[in-house]
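I opened my notebook today to look at one chain from start to finish.

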Amino acid sequence: MNSENYKTEIHSMIENGKDPKDMVIQMCRPQCKWYDDKYDRCVKAFLSLKNADPEKNCMYPYRDLVTCVEACVQPKIQHALRGNEQGSIFA
């Protein structure tokens, strides 16, 4: 999806009362492949251990992945909100 298509799609979803976040997450996730791979390696390492819970032990790699994805998602949605035509809601 190119830049103009996703902007139009996000704006349309917001106007129709739908949350575009899931769509934008799927679009942004490939940009965070390094963090995704790091998290997957952590989970595999802990699953190979006996009595290990990857949800507790891989918290930091997961946090890094979520932070990366959110850093991509938030501005794309924020720029599509009504009142943000000048580039900043708070300006």
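Here are my entries, in the order I made them.

**Entry 1: ground rules.** I am working with a predicted model, where local features need pLDDT of at least 70 and side-chain atom pairs count only at pLDDT 80 or more, while totals for chains, interfaces and linings use all residues. Residues are numbered from 1 along each chain as its sequence is written, and side-chain values use heavy atoms, with hydrogens and water left out.

**Entry 2: the outline.** I looked up the elements and found five helices and zero strands. Both kinds are DSSP runs numbered from the N terminus (helices are H or I with at least four residues, strands are E with at least two). I also noted that buried residues make up 24% of the 91 residues. Buried means under 20% relative accessible area, exposed means over 50%, and partly exposed lies in between (1.4 Å probe, protein chains only).

**Entry 3: the core.** Which residues make up the largest nonpolar core? I listed twelve: Y6, I10, V24, C28, C32, L65, C68, V69, C72, V73, I77 and A80. Such a core is a set of buried Ala, Val, Leu, Ile, Met, Phe, Trp, Tyr and Cys residues joined through side-chain atoms within 4.5 Å. Helix 1 (3–15), helix 2 (21–28) and helix 5 (59–78) each give two or more residues to this core. Helix 5 gives the most, with six residues. I then checked C72, which touches C28 and Q31, leaving aside residues up to four places away in sequence; contact here means heavy atoms within 4.5 Å.

**Entry 4: helix 3.** This helix covers residues 33–47. I found D36, Y39, C42 and V43 buried in helix 3. They sit on the same side of helix 3 because they cover an arc of only 125° around the axis, taken from the directions from the helix axis to the C-beta atoms. The face turned away from that buried side carries the exposed residues K33, W34 and K44.

**Entry 5: salt bridges.** How many salt bridges are there? I count five, each being a side-chain nitrogen of Lys or Arg within 4 Å of a carboxyl oxygen of Asp or Glu. R29 pairs with D36, with the closest N and O atoms 2.9 Å apart. R29 is partly exposed at 34% relative accessible area, whereas D36 is buried at 17%. K33 meets D37 at 3.0 Å, N to O, and these two lie four residues apart in helix 3, about one turn. Finally, I noted K38, R63 and D64 linked in a network of salt bridges.

Methods
The expected span of a helix is 1.5 Å times one less than its number of residues.
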